[in-house]
Amino acid sequence: MAVPEGSSPSVPALLAAIGSGSEAIVIAAADGTVSCLSPAAARLLGLPAGAGPGMPLGALVPADYLARCLARTQAAGDDDAPVMSLAGGAPVTVQALRSGDETVLRLLPAGPAAEDAERQRIQALIVARSDRAAAVTDDKLRIVYVNPALVRLTGRREEEILHQPLCSLFAAEGCSPDKLAQIQQQFAEGCGYHGEIELAPAGTGSIVSLAAAMTPVQDDRGQLANVVVLLTEVTRERALQRLQRDVLAQMAENCDLARLGTDLCRMVEGLAPDVTCSIVLVDSEKKLRPLAGPGLPDGFAEAVNGVEIGPEVGTCGAATYFGRSIMTPDLATSPAWKQWSALPLSAGLRACWSHPIRLQNGRVAGAFALYFHAPQQPSSQPSSWYQQIVQACLHLCALAIERHEALDHIERLAFFDPLTGLANRRLLQEKIVTVLSLAASARRPASLLLIDIDRFKTINDARGHTAGDAMLMAFAARLKAVLGPDEILGRLGGDEFVIVAPDSDGAEAAERAAQVLKAIALPFEIDGLLIPVSASIGISVYPDDSGDASTMLKHADTAMFEAKSGGRGRLRFFNPAMNRLAQERLLLGAALSEAVRANRLRLHYQPQVRVSDGMLYGVEALARWHDPVQGDISPAKFIPLAEETGLIDAITRWALEEACRQLALWRRSGLVVPGVSVNFSPINARDPEMARYVAGTLARHGLTPDLLTIEITESVMVDNDPATVANLEAIHAMGVHLSMDDFGAGYSSLSSIAHLPVSEVKIDRQFMLRTEEEANTRTVIAAVVRIGHGLGLTVVCEGVETEAQYDLLRELDCHVAQGFLIAPPMSPETFATWLEHLPWQVPPAAVSRAQPVLNRPAPPH
């Protein structure tokens, strides 16, 4: 406590030190008697409280030792003051000075006591200087100590906090009576409390989220003495978590990518008001395509749109070019911004920090950037808060872009033929409906031409599928060449194409058909060979032949078959005499009705196995019909007929009953079949009695609901009828699983999957047919698997027919496989034999991937 010569300690400072009890201070008057003794000095000297004043100073400190201490202070060198033992026996060193007529002594513990005191001083310093708010309560949970960080956090003065109940710190909403009672009970049991509590800083009107750690301290009797409270603000972290939840929710809602990006930028600017946020994409030609930047000046997006990325193309252009984060400290002086800096500078934007958005496959798909309103230090990184925001947003942006691209692929496959790029059957149906609606409003005609390549199967079988695909693409190109400006061209499937001609009567339709026949008259060069091709064309005309899309297609199809029967390479108009086919369908419908009544339908079962280990996952029940007259009739033929004739409800109820009966029989006989899947049509899904029927069927056969999976099609998923949703919810509520069948073959609605209780999606077999030839198809399957993983759904892939396809599914971490590679649909007896012989055997993990993955003896037939 050395004091420069000519100075003296202030009385208020000495009194404060004495009163606080933190310093051991002794003050002696001119006559050598003690006039003041601090509580800390009394304890150090072993004196009772109140003792000391009036005692001779020499009784406490020997005169010669005091003289040495004063001389050392005069020389400003008290660091090596000798240690002495006072009357109380405690080793101390003494710092002494004269202040006027008074002598002031500061006693400092020496030895172990000094170490303890120093340790306590350091601990007190840590608590006082810490950014983490701290408080201590007494046994009544009244606050007896707060550190400066807590004072700053609450916005109140220290004296306003001390001696108040602990709960007075927290907002009423964040510390309810129930929570307070829970905390007090934990303290009484000697347990601490760790959780989140809210605090309302004085004068702000805001709520702060806190992570609270409260530790009880017990006395020697095991009773609560104090509670140590440590509070850490987590408001920013919670806000960032809310941002992530909101963005993920928008993804699940199928939100448009541009809108999602704009909302993300606005949310970021709400978290960090001193920055402006932007997102830019990079297209396949390495050009910038601004996606979102609501806070950027008008015209800036247009200025950079289409600019090729590069090291001198602003911050985002450079970040995407190099594939790393880049900071431009000052836009005004950066050579990379010379061409584009005027607009951002005019809006007060001075610096830019840009980060590449990297997808799972490593591709840089864009950049996420923060613009600052002040120049930044070239050698320093922005604060950790900005870094947290950036890392969270980069992940969200990558996820959103991957989802958007996957949806684009799925939508294109749902509405466009992947081989020719033409509208597929689904889209054609919609287009025909629109054309007929406009024709009806305008009272104008419309025509439909159905074009079928003659003997295409022969070409395909002789030259192979690759040549067949080349033929289809070349054929489509010639059709496009003769297409009118308002006409629509699509591919129904196989070798069938359709031209929809608005405002076209019979004569104009015949002229267009003649142009088509002329366009395909020249041979097609396929694999170096010139192959002559003809086509048969069937024509139906609105309103003479029909008033709806389906009937128009049906009549055109009927006319096309008549053209083929007439010698191929010609056209035919539909006429009522062609209803022979319709009559045949009517007869088939009657036969189906009789088969249902006489119980002539049978169920076959196709196994589904886990891709990871080949274990049986379940079986799908598939209806089969053998007619005594017509023989085996394909489900692709009689199931649509059943839906048209209203027999589908009876068939579905029979299939459900039979599948549950068979599953119960297998399980009673000791065959472990994990579950059975039964297909529901949209009609069944709309039936309000179906949930009750499912429950009754399970009960009759003693099965638990989790053993049954109901497969529904995508047309059910996009049904907006509330009754359909209610029926599916009721079935799910029992514990029955719901699976979306043929995913990707029609309308795919991720929003519906996210909101309806679907636990499984089945990738349509058409994708597997093209995996070995089309890389895009493999990409789509990978996207569907990732979407399934992200939504917590089991992904089943149908149509697995080769080892390469199975290996692909394993590589993509698809859950379940189904197809002829594993086994065809089998009768119950054949399936039982197949299962008993355990034809599937997965090798150990150490087996090389080059070796066969599965041991597959041919399943019995």
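Where is the place of Arg-443? Arg-443 is in the loop between α15 (425-442) and β16 (446-453), where helices (H or I, at least four residues) and strands (E, at least two) are DSSP runs, numbered from the N terminus.

Good morning, everyone. A word on the model before we go on. This is a predicted model, in which local features need pLDDT of at least 70 and side-chain atom pairs count only at pLDDT 80 or more, while totals for chains, interfaces and linings use all residues. Residues are numbered from 1 along each chain as its sequence is written, and side-chain values use heavy atoms, with hydrogens and water left out.

Arg-443 has a phi near 55 degrees, positive although the residue is not glycine. With 78% relative accessibility, Arg-443 counts as exposed; the cut-offs are under 20% relative accessible area for buried, over 50% for exposed, and partly exposed in between (1.4 Å probe, protein chains only).

Leu-141 also has a positive phi, near 60 degrees. Leu-141 sits in the loop between β6 (133-137) and β7 (143-146), and at 11% relative accessibility it counts as buried. As background, most residues other than glycine have a negative phi, and most peptide bonds are trans.

Now to the inside. The largest nonpolar core has 81 residues; such a core is a set of buried Ala, Val, Leu, Ile, Met, Phe, Trp, Tyr and Cys residues joined through side-chain atoms within 4.5 Å. Helix α22 (residues 648-668) contributes the most to this core, with 10 residues. Trp-666 is among the residues with the most contacts inside the core. Beyond residues up to four places away in sequence, Trp-666 touches residues including Tyr-605, Leu-671 and Phe-831, contact being heavy atoms within 4.5 Å.

A second, separate core has 36 residues, Leu-394 and Cys-397 among them. Let's look at a helix pair there on your screens: Cys-397 in α14 is one of the residues that meet α10. The axes of α10 (residues 257-271) and α14 (residues 384-415) come within 11 Å and cross at roughly 170 degrees; axes are lines fitted to C-alpha atoms, for helices over the stretch in contact, with angles from 0 to 180 degrees between N-to-C directions. The two helices are therefore roughly antiparallel, a label for angles over 145 degrees.

Finally, Gly-293 lies in the loop between β12 (288-292) and α11 (300-304). At 22% relative accessibility, Gly-293 counts as partly exposed.

Terms used: Angles under 35 degrees count as roughly parallel, over 145 as roughly antiparallel, 65 to 115 as roughly perpendicular and the rest as oblique.
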